[in-house]
Amino acid sequence: MLPELFFYYNATVITVLSALVVTRSNPVHSIMLMLVMFFHIAALYLFLNAEFLAAIQIIVYAGAILVLFLFVVLLLNLKKELVTQIFIVRWPLGLVAMAGLLVLMFAGIKSFTLGPTGDFTIEKIAGETHTAAIGTVLFTEYIVPFEVASLVLLIAIIGAIVLAKKQIKT
Amino acid sequence: MRIITGMPGQYIPSDYLPILIFMMIATAFGLGTLVVCSIFRPRRTYAEKLTPYESGNPPIGEPRMRFSVKFYIIAMLFVVFDVEVVFLYPWAVVFDKIGLFAYVEMMLFIFILLVGYIYAWKKDAFTWD
Amino acid sequence: MVEFPPLGPVMPEILMTGFALLILVLDLVIKRKETLAFLSVAAAAVVMYAVLGTSGVTFSGMFAADGYSMFFKLIFLLSLILSILISVKYIAIERVNYGEYYSLMLFSTLGMMIMASAGDLIVLYLGIELMALSTYVLAGFIRHAVKSNEAAVKYFLLGAFASALLLYGISLLYGLTGTTDIKGVAAYISDNGLAGNPALMLSVILFVVAFGFKIAAAPFHMWAPDVYEGAPTSITAFMSVGPKAAGFAAMGRVFLIAFASLQVQWAAILIPLAIVTMAVGNIIAISQTNIKRMLAYSSIAHAGYALMGVIAGTPEGLAGMMSYLLIYAFMNIGAFAIIIMLRSEGFSGENISDYEGLSKKHPVSAALMLIFMFSLTGIPPTAGFIGKFYVFMAAVNAGYTWLVVVAVIFSAISAFFYMRIVMYMYMKEPRREVELTTSPALGLALAISALGVLVIGVFPGRLLDLARIAITLGWGL
């Protein structure tokens, strides 16, 4: 009973906050709402028995990425965005596409059947902690994705310097 | 191959209850203070009182000014190395179980980002002007 | 303690990573950026050699160096070499002669190679991201040009959207089958009779959308014209070949292995997609006045033709699709090489009218452009004809004769805008003096592409055999 209640509370708050984030005309408000949303997502991870992910959600998303977003928002001249009423002229078309996608998703999700569950039961994770469980899988089975991730991060460094540095030193 | 964890409805992270209580108290205290103050505080406003506080000087220009793009590069580098550090946590936990293999893996990971660090350094990404 | 997995099958990727990092670091000490270009070409050649001698599966099936991926890796490396050759002088003219350019290109190619070899959806996703992020940066490489900035932002926003849809598709599939392993997914679907499940179909649709974006198939092509126009021309040449071929590589593997038992269903989605793609590409190209935009729509149309190889769903169809993409690399980069020659200080050379009377002053370049335009139209004895012929034949053998008829009609329409360039070059008087910018590297790229187009056009048998062997030898291993 309690977990369901908690889940529906989080799910509702996350949905409402996401809608608010994309509809605010002041981007700083959007970011603050997003912060609250990230905390709720972290709580959801916690109830899914994924403590490590919950911590990452707070450290990386709420801690680092939101700061990045905030800087980007402050880089832009806000006043123009505040005046612009509608970005896209053909929004009814987008609305129809969105509604269609939603219908499609609901139609599909209804017949969703859960695949086989794995070895990592609640008891097992409680026994060895979630961080260790993630570590074992990440550093034995998912080595290739792990190493490629470092290259993706490297591209982020290069991209930031190439695109945003005032003067590129040659 | 699989890591499907427990579904909601089976698991209650009771260890984290203090954090939940703490956050509820913090929110209640913050909101409560504002509400109580707005009820009891005297309202005597005048023009000077409503201007933004700028260390006692008369405010100049818009409070919201455009940030330099330099902040963006710093923030981006911060995010990248933050993510790198995050990967070190599970690595440290399972290191003794996996052994040399994990060591080599992580050194490769760090080496690739070290190249990025050297690159950023030499490109003056850390100097401020 | 854990055993080390065999590293042999990933050797080309390891070498590529090493070279890309090396060039990134060398950029800090080498002042002449042409040296970096030369080193990058040499690196690509070494990796190409390594690819030829590599096969096997490693990392518990996550990475497969089979014949299929080998053929695609050759396409990526070929397009990388040709694109670097046409870039050397061009990026100096655009005043963006920075060393990062070459290392980003190498990283992008590395991403494509990982995509082609991915045996697991997570690896596939990371390969896509590595390829795409590098290409976004390259599209915005002319930092001082607003159009280039716009290209980068548009490409990034829509690309991120497509990635999100792909992730949603992967997560649905993971929930349904409990695995991200491409073969594991296939086994679970056929063992448990999931084939008709609407939730699985939703996942298939999400995959179609995400791959449709990567290969620029209509109606997910909206980004292509703006991005192709705004990006540096050399990068336009690169990304109209490499990432597109990589998208097809991933698509072929996911659809023909993981979704093998759903072939009827996904073919029903892909057929209208292919028709719309050919229609949009060929018809809108007619009204373009900017040649980069025109070739963007042409590239959309060619995605439609290559898609027919996937729709056929037979080894023959895949072999046709693979040889089509290789041929497309030669002819498209060749055409872009000519466009780059027209670019000189203070003159963009991007308007179709700039080609008027080109044959009078520059007969060789005009003749080469003629070959590439003939090939893009699909006129024998050029390679373009051979590519279309194989794909169409595979589709006919798979029972899609009416689809081939449609494709041939659109192919005839395409002659209109390709031949217009030829007509302008040979039958009109020059309106202005057009100076060509040449360099040995550009000449070499042109020679390779023209030779490729002509040799494959005259002796086509070898190529298809190669593609067929690549498929039968190691399809999925």
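Colleague: How close do the axes of helix 2 and helix 4 of chain C come, and at what angle do they cross?
Modeller: This is a predicted model, where local features need pLDDT of at least 70, side-chain atom pairs need 80 or more, and totals for chains, interfaces and linings use all residues. Residues are numbered from 1 along each chain, and chains are lettered from A in the order written. Helices here are DSSP runs (H or I, at least four residues), numbered from the N terminus, and axes are lines fitted to C-alpha atoms over the stretch in contact, with angles from 0 to 180 degrees between N-to-C directions. For residues 33–52 and 100–117 of chain C, the axes come within 9 Å and cross at roughly 15°.

Colleague: So are helix 2 and helix 4 of chain C roughly parallel or roughly antiparallel?
Modeller: Angles under 35 degrees count as roughly parallel and those over 145 as roughly antiparallel, with 65 to 115 roughly perpendicular and the rest oblique. The crossing is at roughly 15°. Helix 2 and helix 4 of chain C are therefore roughly parallel.

Colleague: Which residues of helix 4 of chain C meet helix 2?
Modeller: Contact means C-beta atoms, placed from the backbone, within 7 Å. On the helix 2 side we have C:Leu36, C:Ala37, C:Ser40 and C:Ala43. Their partners in helix 4 are C:Tyr102, C:Met105 and C:Leu106.

Colleague: Over to chain A: what share of its residues count as buried?
Modeller: Buried means 20 or more other C-beta atoms (placed from the backbone) within 10 Å of a residue's own; 12 or fewer is exposed, in between partly exposed. Chain A has 8 helices and 0 strands. Of its 170 residues, the buried share is 27%.

Technical notes. Helices (H or I, at least four residues) and strands (E, at least two) are DSSP runs, numbered from the N terminus. Two residues are in contact if their C-beta atoms, placed from the backbone, lie within 7 Å.
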